[in-house]
Amino acid sequence: MKFSKLRRRLIAFVGKKNNVSLLQQSPFFDQDWYTSRNTDIGEVDALVHYLYHGGFEGRAAGPLFDSRRYLDAYPDVLRADVNPLVHYLRSGQKEGRTPFHVEPHLAPALAEVQNRDLDLLSASKLFDPVWYVQTHPELRGLDPYRHFLAIGGAQGLMASPNFDCEAYSTAYPDVRAAKMNPLIHYLRYGIHEGRSSSPSATAETHLASASVEAQNQDLDLLIASELFDPVWYVRTYPELQGLDPYHHCLSIGDMEGVMASPNFDCEAYSAAYPDVRAAKMNPLIHYLRYGMREGRSPGLSAAERSTVKQTVDDVKGLDPEIEATHQLFPPHHIKCSINRSMPIGRVPAAWRELFRDLPGQIDHMVFAPWLVRGGADLACVNIVRAAQEARGVHKVLLVITDHDRLEAFGWLPAGTQVLVLSDYDSTLNNDERKQIVESLIFALRPDSIMNVNSLACWTAIADKGRALKTMTRLYATLFCRDLTPDGRGAGYSDTHFRAGLHHLEKIYFDTRSFILEMAERYGLDENLQEKLQFLPQPILDQLHAATAAEKKNKTSRRVLWAGRFCHQKNTELLERIVKRMPDVYFDVWGAGEAARQESLERLAEVAPNLRLCGSFTSFADLPLSTYSAYLFTSRFEGMPTVLINAAAAGLPIIASSVGGVPELVTHKTGWLVEALDDETAYCEALSEVFDSPLEVDQRLAAMREKVRIERSWESFTGLLRSESDFLQHRSVA
Amino acid sequence: MKQVDVTAVVTVHREGLLLKPTLDSLSQSAKTANLEGITTEIMIVMDRPDALTSNLVERYKLQNVNARIFTSNTGDVGMSRNLAASNAMGKYVAFLDGDDLWGKNWLSAAFNMLKNEDREVILHPEVNVYFGRDPHVFVHIDMEDQRFDIACLALTNYWTSLCFATTAFLLRNPYPASNLGEQIGFEDWSWNLASVAAGALHKVVPGTGHAIRMKHASLLRQTSSAGCMAAPSDAFIQVLKNTPQAARSRLRIATAWDGTGI
């Protein structure tokens with residue numbers, strides 16, 4: 001190959017950007033900044049992590065690019081499932097999209113630089129602040145010096161008609177690599193080194209020298225690798241006699257048709273990984289720099305390739321279809337993809353790590369999507385605790401499948417083993433998480449598993465239920481129908497119940513009314529109805545204590561309302577009640593939709609009997625003893641935990657008759673309102689609570705007795721241990 | 001019954017004209033072994049064959065009078081292999097599916113590797129050349145290779161079914177029945193798992209290869225489309241019980257009540 005041709009390819013090699021080099025050369029990706037703020041990535045290369053994971057997770061690429069804000073601002077990027085910074089650099093920039101800065105980090109990070117460089121910039125005629133603002137009108141109101149130092153220079157903006165940052169950085173890649181402000185570099189160093197302030201004429205020269213620098217970095221990789229054999233290389237390609245084999249290998253770009261050694265076929269590697277071919281990157285350098293860490297295969301070894309050839313030679317004369325498989329024969333045989341027993345990819349990588357952490361013997365597994373402070377999460381904790389009581393803490397594994405939210409981790413009993421799939425790869429999609437759920441059951445073969453609202457587990461049961469039930473006994477819980485804002489069913493009782501029912505031993509419900517609704521809705525026969533089991537959630541220990549406590553203000557006219565401000569909770573009705581009873585004080589705990597929040601705030605400004613108390617993390621922590629009644633106004637429900645808690649805390653309850661509520665609140669245990677949206681009925685009930693203390697005492701006593709019988713911890717665990725239930729011990733065959 | 005070194009088994013179903021190259025490759029490999037002094041018997045197990053397939057087998061028998069033919073009616077290739085093992089005269093059994101091909105040296109190289117082996121070892125070829133539709137190369141892993149990790153055997157099958165093993169081991173560890181109705185398939189994956197659980201070591205024979213035909217409607221595809229999983233095994237529990245948990249485990253352990261309340 002002539003030197004001129006080599007040189008052309010050399011320039012082409014440097015000029016073509018793949019995503020890695022695109023980010024490397026971008027001022028928006030800051031390797032050190034990223035590494036220092038994402039300590040969880042461990043040994044993983046920051047750029048590789050950001051490119052394949054962090055960007056998709058919304059992690060900032062550097063102080064100048066906030067991925068989360070970019071994805072939030074441009075939903076089409078989110079839908080396209082591309083790295084946000086790659087999108088910005090490839091197309092967003094041209095489309096005029098905004099590269100949002102990480103404001104809190106920007107100022108301190110650049111303060112030092114500004115202090116040192118401000119004088120330099122002010123003294124230079126190469127920066128024209130008036131022209132700068134006129135050229136970029138969106139900067140009006142900002143200090144042009146500070147903006148240029150903080151942002152503009154890195155973005156490649158022109159400092160003045162006489163200094164083009166982009167041209168300077170392109171001409172001097174060492175400046176770009178150093179992520180220095182180009183003009184500051186010129187003023188501080190370049191001018192003394194004889195560099196040009198308008199260097200376009202010398203670009204090609206500098207490009208060539210830059211490529212030599214890049215090659216020097218790659219040279220170390222080549223020298224250290226056994227996959228490049230310089231002696232073999234020169235012997236195999238005799239036309240290279242007299243040339244440096246290392247520099248030749250680095251200089252020929254995609255290395256089409258070239259082998260680096262008997263053990264690395266460049267073209268086979270490119271054929272196996274189209275992204276490498278598309279990037280026109282040297283395949284061996286790609287493998288050494290990235291592919292190895294990403295678990296990619298370097299292709300067949302010389303010995304394996306020889307065996308493939310021998311095998312094909314042995315049988316090609318026996319079957320015409322083999323002879324017709326052209327990819328198996330030179331020169332095309334290298335186009336075959338190579339698979340190995342040990343799989344690669346996100347799921348195998350995550351599973352391999354996860355498997356090492358698994359406990360040895362698990363009797364019961366509980367799957368949950370997350371662990372937040374909700375009713376389903378409390379049910380999950382109760383089930384885990386019951387299983388631990390039955391078999392021991394070390395025989396129970398809680399698997400958090402869908403998210404990494406663990407706000408209620410502190411609810412779990414000490415010693416609880418919790419496997420969080422996102423700890424191994426937070427970017428796994430639902431199909432991948434489902435596959436891991438299946439593999440967990442397949443590998444651990446517990447006596448039984450319980451699904452408490454895990455999407456990955458529901459999908460596994462629906463897809464592979466017949467197989468899974470040969471390995472374990474499958475159980476699930478359902479609480480209520482989740483409805484979309486326009487009233488359509490969207491929860492598991494609508495989406496997965498039918499496909500999963502046949503594989504599940506039982507589904508546990510917190511209300512009888514929901515069981516009846518499901519049986520009626522799906523036309524279940526008696527056998528199938530037997531799978532729907534009523535399992536009332538137990539009341540909490542600490543509220544037991546509250547129940548026994550004497551109320552300090554039985555006669556106060558202060559009412560508790562607690563919940564999320566949303567359509568379901570009917571805050572409109574709450575507002576009407578507040579207005580109708582100006583002599584009753586309402587403490588409203590919670591938060592939610594902005595419009596409802598604002599509406600309540602407006603009312604609170606004019607209604608002194610309404611006090612908005614903000615969010616709460618724990619019902620038990622509310623000043624329960626100061627209230628005379630608990631008001632519940634929901635439009636639809638299952639069996640709300642907050643109502644069980646209020647009952648356990650000994651508060652008189654006025655509640656709308658929806659969902660499973662009548663199973664707890666009756667006319668004997670509280671005040672059940674049938675006219676769901678009629679404030680008059682609620683006001684009458686409240687008045688009775690305030691005016692009839694004897695009646696209140698009677699109904700509270702009835703509620704205490706009901707809760708004691710139906711919702712004790714003993715009845716809860718007893719039911720789970722019954723024949724054919726979740727904690728029944730499986731007999732060993 | 002006279003003992004031979006290797007029983008070379010072809011399991012046949014309805015391969016029709018695809019069977020001829022398979023039988024030829026078997027004869028070729030047996031002949032290579034015979035030249036090295038290794039004695040072989042050829043066995044064909046036909047399971048619910050069609051007329052064309054039966055006819056081809058009969059004609060093969062005419063030319064190879066010592067070949068032994070068995071028939072079964074299970075519709076399960078694992079059961080065919082069990083039938084073969086229980087009738088094998090060889091100390092070792094090598095399986096070949098009715099539409100695949102062995103490289104010439106398979107029987108001899110596998111025998112030579114296993115003949116002095118004291119451990120319970122199951123052999124596989126180093127490479128598998130998939131031809132026809134979507135051609136590719138599948139490279140087997142050796143359990144003694146440093147890169148071997150059992151974990152992902154829960155996700156995918158590491159070794160094809162065309163293995164070489166002692167007859168005694170196959171008799172002690174028969175193939176499990178497939179049950180597509182219960183979404184349990186992948187007889188080869190299931191057996192590989194069971195054999196690992198039974199303490200066997202899966203190794204590859206360097207320099208050997210098989211040619212595997214990629215068909216439009218293979219059993220593998222039927223099994224996959226039925227959403228099947230392999231039969232469960234204790235292999236993973238055994239490994240986990242005998243392996244201390246990783247020092248840097250990411251398994252979270254709840255410590256105690258954090259005071260946030262419920």
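Author: In this predicted model, the side chains of A:E572 and A:R596 meet in a salt bridge, with 2.9 Å from N to O. A:E572 belongs to helix α31 of chain A and A:R596 to helix α32 (residues 594-606), so the pair, 24 residues apart, links distant parts of the chain. A:E572 is partly exposed, at 31% relative accessibility, whereas A:R596, at 14%, counts as buried because the cut-off for buried is under 20%.

A:R557 and A:D583 form a salt bridge at 3.1 Å, N to O. A:R557 sits in the loop between α30 (541-548) and β13 (558-562), and A:D583 in the loop between α31 (571-580) and β14 (585-589), so this pair ties together parts 26 residues apart in sequence. A:R557 is partly exposed, with a relative accessible area of 29%, and A:D583 is partly exposed at 43%.

A further pair is A:K434 with A:D463, whose closest N and O atoms are 3.1 Å apart. Here helix α24 (residues 430-444) holds A:K434 and helix α25 (residues 455-468) holds A:D463, 29 residues apart. A:K434 is buried, at 11% relative accessibility, while A:D463 is partly exposed at 37%.

Salt bridges also join into a network that links A:R352, A:E353, A:R356, B:D149 and B:R250. Over all chains, the whole structure has 48 salt bridges.

As for confidence, chain A has a mean pLDDT of 84, and 87% of its residues reach 70 or more. Over residues 105-110 of chain A, however, the pLDDT is below 50. Where pLDDT is low, the predicted coordinates should not be read in detail.

Note on methods:
Residues are numbered from 1 along each chain as its sequence is written. Chains are lettered from A and ligands numbered from 1 in the order in which they are written. This is a predicted model: local features need pLDDT of at least 70, side-chain atom pairs count only at pLDDT 80 or more; totals for chains, interfaces and linings use all residues. Side-chain values use heavy atoms; hydrogens and water are left out. pLDDT is the predictor's confidence in each residue, from 0 to 100. Contact means heavy atoms within 4.5 Å. A salt bridge is a side-chain nitrogen of Lys or Arg within 4 Å of a carboxyl oxygen of Asp or Glu. Helices (H or I, at least four residues) and strands (E, at least two) are DSSP runs, numbered from the N terminus. Buried means under 20% relative accessible area, exposed over 50%, partly exposed in between (1.4 Å probe, protein chains only).
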